[in-house]
Amino acid sequence: MDLATFLVQCLNAVQYGLLLFLVASGLTLIFGIMGVINLAHGSFYMLGAYLAFALAPWFGDWFFSRLLVGVVLAAAFGYLLEWIFFSFLYERDHLQQVLLTYALILVFEEMRSILVGNDVHGVTAPSWLAGGFRLGGLMEYPWYRVFASVACLVVALALYAVVNRTRLGMMIRAGASNRDMVRGLGVDIRRLYRIVFAGGVALAALAGMIAAPLSSVYPGMGSSVLIVCFVVVVIGGIGSITGALVASLLVGVVDTFGKVFFAEWSGVGIYVLMAVILVWRPEGLMKRGF
Amino acid sequence: MASDAGVSDAVIADVGALPDIGRREAGGWLVPAAAALVVAALPLAISPYGQDVVVRIAIYAIFALSLELIVGAAGLVSLGHAAFLGIGAYATVLASSDSGASLALLVPLAIGAAAVYALAVGALSLRTRGVYFIMVTLAFAQMAYFVAHDTKAGGGSDGIFLYIKPTLVVAGLTLVDLGQRLHLYYAVLAALVATYAFIALLLGSRFGHALAGIRVNEQRMRAAGFATTPYKLAAFVIAGALAGLAGLLLAVKDGAVNPELLSWHESGAVLLMLIFGGIGSLRGAVIGAVAFTLLKELFQSEALLGPLASHWQLTLGLTIIAFVAALPRGLIGLGARLRGAALG
Amino acid sequence: MPSTRHTLAALATLFVASVSLTASAQSTGPIKIGLMLPYTGTYAGLGNAIENGFKLYVQEQGGKLGGREVQYFKVDDESEPSKATDNVNKLIKRDNVDVLVGTVHSGVALAMAKAAKENNTLLVIPNAGADAITGPLCSANIVRSSFSNWQPGYAMGVVAGTKGIKRAMTITWAYAAGTESTKGFTEGLEKGGGKVVKDLTLPFPNVEFQALLTEIAAQKPDAVYAFFAGGGAVKFVKDYAAAGLNKTIPLYGPGFLTDGTLEAQGASAQNMLTTLHYADNLDTPRNNNFRKAYAIAFKTQPDVYAVQGYDAAQILAAGLKAVNGDLSKRDALTAAMHKITVDSPRGKFTISPAGNPVQDIYLREVKGNNNEFRSVAVKSLSDPARGCKL
């Protein structure tokens, strides 16, 4: 493999990893702070993608407005969903959470089928991001993919800032380490959870919206991203956002280079990675902290 | 951030408070024995298609019973149990040649292959706790899934066919030919009865009581000097082995194996069977398998539900939510509640 | 123990309800046709199109085939090979259908073919192109109205050869449909003096193509042949164009790469050449009438899948007509189904002894939202039916 190809593959790995991070960060937040296993998290990713498709004709090239509206809608949906469904899950044991959220996937899939149908849809990137730049020889690297990576990094930084530098973030971190104490101090923990959940949903939906022009919009796109996200969260350490970032990049690298070098066995790669890391550190790479 | 071993464990257990699984359930041995007799007599009354359905349910009942051993008895939630079902099934098909194979080879092979993988998975997974354990078991199942799905050795996403069903030939006499419908029927029924009896005896023994102790309060057991991991591992391996047996029967019944047998959907489905029936009860596992399979058939039946049948994912999903939310102790729990109400 | 008893009673009721039997008749009463198609999931649109096409033909015959009314039974196969055996048994053993019609996914169809062989049930396949079905699994009671995976691939290989392609690469999912299609292409190309230097695969239904696209760019072949369908087809064509590869390395494929996906693919698919046994704008009276009738009946435009469903009904009808609806005359029925010249919207075609259409494969070019007919790539192409003992 020559240097140019290697660099391109690295770019591919990073871009895939960063997009994964966006989805996984929402999952790890919900996991770590509320202790809820949510198998339906992939459906929020799918929601974002379908939102991108649905909003496209109204917004045209106003890309950021479209993203903003989509995120707000997703957050509102997440807020409502937490209120009417997920808030009842906190007292339940893990098994029930697994099964209830599994059933939720079925419901979401069918609702999607009823509301939007089963066709595959494309979403075009905004025209100011069309095209690409030459990378040594025949290949072009699309600008949109660069944008996707940058956008994910920006969100990561924003997330870090919110969690570590704001009052809200302080309450989140406090609620994560000792729920009862925080409640005792007069913080409305229910509202806090609702906000965190809405945030997690919004992150996943944002990832879906950004990914839509890259992956197109199709049934089942949630399931494929879900399992990989679980692997990322477990490798990174449940509840750790920095862990999720590191893990996503690791997974991106293993997946991308695995496909090139180990074609047949590439699917197994990330699970071997997970097994190895868990043997070494049973609670993930970053045990505590964000 | 919640450290998983600390605050969470006290508030959110892996599996909620359970009835003592070793306790004698109402009717003792009579009820399961009677049920087995009824099922044995069914071929006289129902069509070949009906017999197919019974065989399928019975196989899933074996699968559910095997999972009950670790979820119900040991309190370990595994989201990767389908891997052992699939390994048993694949071992069966891969070891069968074009002229068929002998059960004397296939049964130990399927059970053995599943047990070996269970040993490896268990040894590594049991280092983790709580939610991590759930995720790790899922990941190991995914590994097996991808080997079956992607590699040439695994046969690819279309699966592999089994053309000649296995037989058991002793001294030139064909005792069992699983290619014949009634032989398969009674073989599966026998396997189900044997599995049920085996697990019931196991749970009534010292081993079972140790598992119960681990489930209720592992820390206390360890504080008392009891090494808990070997017990958990043993339960995990036995459960995997039994799931492998179910896999063999499934491969023979369908005449085909497919990577989807190892998918997390399958693992989720068997957990659903347990919760439908009621965790912590062997009868519950069987009842859950029956209820879940029939429910799915019902929701997909155009004859009974008309146009709603094509939206079976919605009806099934909503039913599961309603069920798990309202009846966390499953059908057995419902029965106990009704009985309690009837008795005053 | 009222609890367990109640539970068992309730379950027994459920049980009886779901295995209810229906009576069957051999030569009077309605013909029972079992449709096993995907009604949910990615291929749901294809399942619906096939059913529509089938029913359109029956409608045109006054709702009767071979003089008998038609009764439909439907099962959703979800494109899941793992559930295929159970699903097809519902139709064969529970509903006692006379004819099986299905399906889209090759893996599911293989299970159907196996069951049809074991139970000696008539099976008409309106899409699944698995070579094995008209190969080692072939049987007189199994006929296909669509194609074999090999056919469009081979035709594209021949076209590539005539265009002077010497070094090509193939890329597809690692499953039967994909590998059979690329093998066909390789054969066709080798006839024209070219060769395939590398076969790239990724696991079905993975759609992360970047790593492999980079590999293609590094190898610099003269052309690339890709087999993908549905969502994968949309993404691949778009990714290929986004990587700028379409400007220097022509992308070829069977029609599935661009059928039903053009709206989503947009500019990235323009001017692409594909081969298939159908083209939307075939200007023949037969095709024009068919498209008009379909549009009126179902308020949407037909596609190749609708045509295949329509032709499946035609083939079955011919067989039933020959025996006057008497299904017990099985040999005469299947013989008639093999002897037919089908007057299809795609053009006339015949059935090979192995049960596969012998048909013209067209070269099409993408213009706007249509795959437009350009020329006949290969005339009367017959699948080699390797391994079939008929």
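Biologist: In this predicted model, how many residues of chain A are in contact with chain B?

Modeller: The model is predicted, with local features needing pLDDT of at least 70 and side-chain atom pairs counting only at pLDDT 80 or more, while totals for chains, interfaces and linings use all residues. Residues are numbered from 1 along each chain, chains are lettered from A in the order in which they are written, and side-chain values use heavy atoms, leaving out hydrogens and water. Taking contact as heavy atoms within 4.5 Å, chain B contributes 51 residues, and the number from chain A is 54.

Biologist: Which three residues supply more of the area that chain A buries against chain B than any other three?

Modeller: Buried area is the accessible area (1.4 Å probe) that two parts lose on being put together, summed over both. Between chain A and chain B this comes to about 4,800 Å², with carbon and sulfur atoms giving 73%. Of the area that chain A buries there, 13% is supplied by His94(A), Leu95(A) and Glu264(A).

Biologist: How many salt bridges does the rule find across the interface of chain A and chain B?

Modeller: A salt bridge requires a side-chain nitrogen of Lys or Arg within 4 Å of a carboxyl oxygen of Asp or Glu. Across the interface of chain A and chain B, the number found by that rule is zero.

Biologist: Which residues does Thr334(C) contact, leaving aside its neighbours within four places in sequence?

Modeller: Thr334(C) is buried, at a relative accessible area of 7%, where buried means under 20% (1.4 Å probe, protein chains only). With those sequence neighbours left aside, its contacts are Leu122(C), Ala140(C) and Asn141(C).

Methods:
Buried < 20%, exposed > 50% of the residue type's maximum accessible area, 1.4 Å probe, protein only.
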